[in-house]
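Subject: Structure for your files

Hello,

Here is the structure I said I would pass on. My notes on it follow below.

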Amino acid sequence: MIDTASLQKYSLFGGMIPDQVERIRPLLVRSDFSEGQSVLREGDPNDSVYFILDGRVQIVKGTRVLTELGEGETFGEMELLDVQPSAATVRALGPLRVAAISNRAVRQIYCMDPKIFALLMMNLARDLSRKLRRMDEIAAALSDAAGAARNFSSPAPPRDPGPAGGLDC
């Protein structure tokens, strides 16, 4: 099983004392995957958030690789909250070890200790906010790059020669 100190490294457990993390630990399910194996497939049901304990994954939407994640990072947060099919495929890039906590386990935490549940949900909201902020930055950079490309490929507008004779004072 995963030790409490290791779990406290994950932002989802931020602000929790070891005793609180220890109460959650039995609700985690550990899984191992081999290189190329899918942890999640786009469109398939998912009700868990996954913690990468060891290894790396590739996040793929359609045929486009969105990003790679490694040890200490999480995925599946969106589906944990809105119980929708998986938004992307998550594939192991090599040997992979993850721990997952399901929606059902989160409900158990709520019944067991509402304070731990509140911390967990606040941390989950912060994690999703950080990811959304990062996506906003990427979208803005892509938009800026597309605008620059459009401006570069368009002829420059004619310049106003100024007063007769073309001299500016």
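F13 touches L7, Q8, V21, I24, F51, L120 and N123, leaving out residues up to four places away in sequence; contact here means heavy atoms within 4.5 Å. F13 is also, with F51 and I101, among the residues with the most contacts inside the largest nonpolar core, which has 22 residues. Such a core is a set of buried Ala, Val, Leu, Ile, Met, Phe, Trp, Tyr and Cys residues joined through side-chain atoms within 4.5 Å. Buried is under 20% relative accessible area, exposed over 50%, and partly exposed in between (1.4 Å probe, protein chains only). At least two residues of this core come from each of α2 (18–24), β3 (48–54), β8 (96–102), α4 (103–112) and α5 (114–153). A second, separate core of 15 residues includes Y50, V57, A88 and L96.

Before the rest, the terms of use: this is a predicted model, in which local features need pLDDT of at least 70 and side-chain atom pairs count only at pLDDT 80 or more, while totals for chains, interfaces and linings use all residues. Residues are numbered from 1 along each chain as its sequence is written, and side-chain values use heavy atoms, with hydrogens and water left out.

Overall, the protein has five helices and eight strands, in the order α-α-β-β-β-β-β-β-α-β-β-α-α along the sequence. These are DSSP runs numbered from the N terminus: helices are H or I with at least four residues, strands E with at least two. Of the 169 residues, 35% are buried. Among contacts with a separation of 6 or more, 69% are between residues 24 or more positions apart.

In α4, N103, A105, V106 and I109 are buried. They lie on the same side of α4 because they cover an arc of only 160° around the axis, taken from the directions from the helix axis to the C-beta atoms. The exposed residues R104 and C111 are on the face of α4 turned away from the buried side.

M135 is in helix α5 and is partly exposed, at 47% relative accessible area.

D32 is in strand β1 (residues 29–33). Apart from neighbours within four places in sequence, D32 is in contact with L96 and R97. D32 and L53 are 21 residues apart in sequence, and their C-alpha atoms are 9.8 Å apart.

Regards
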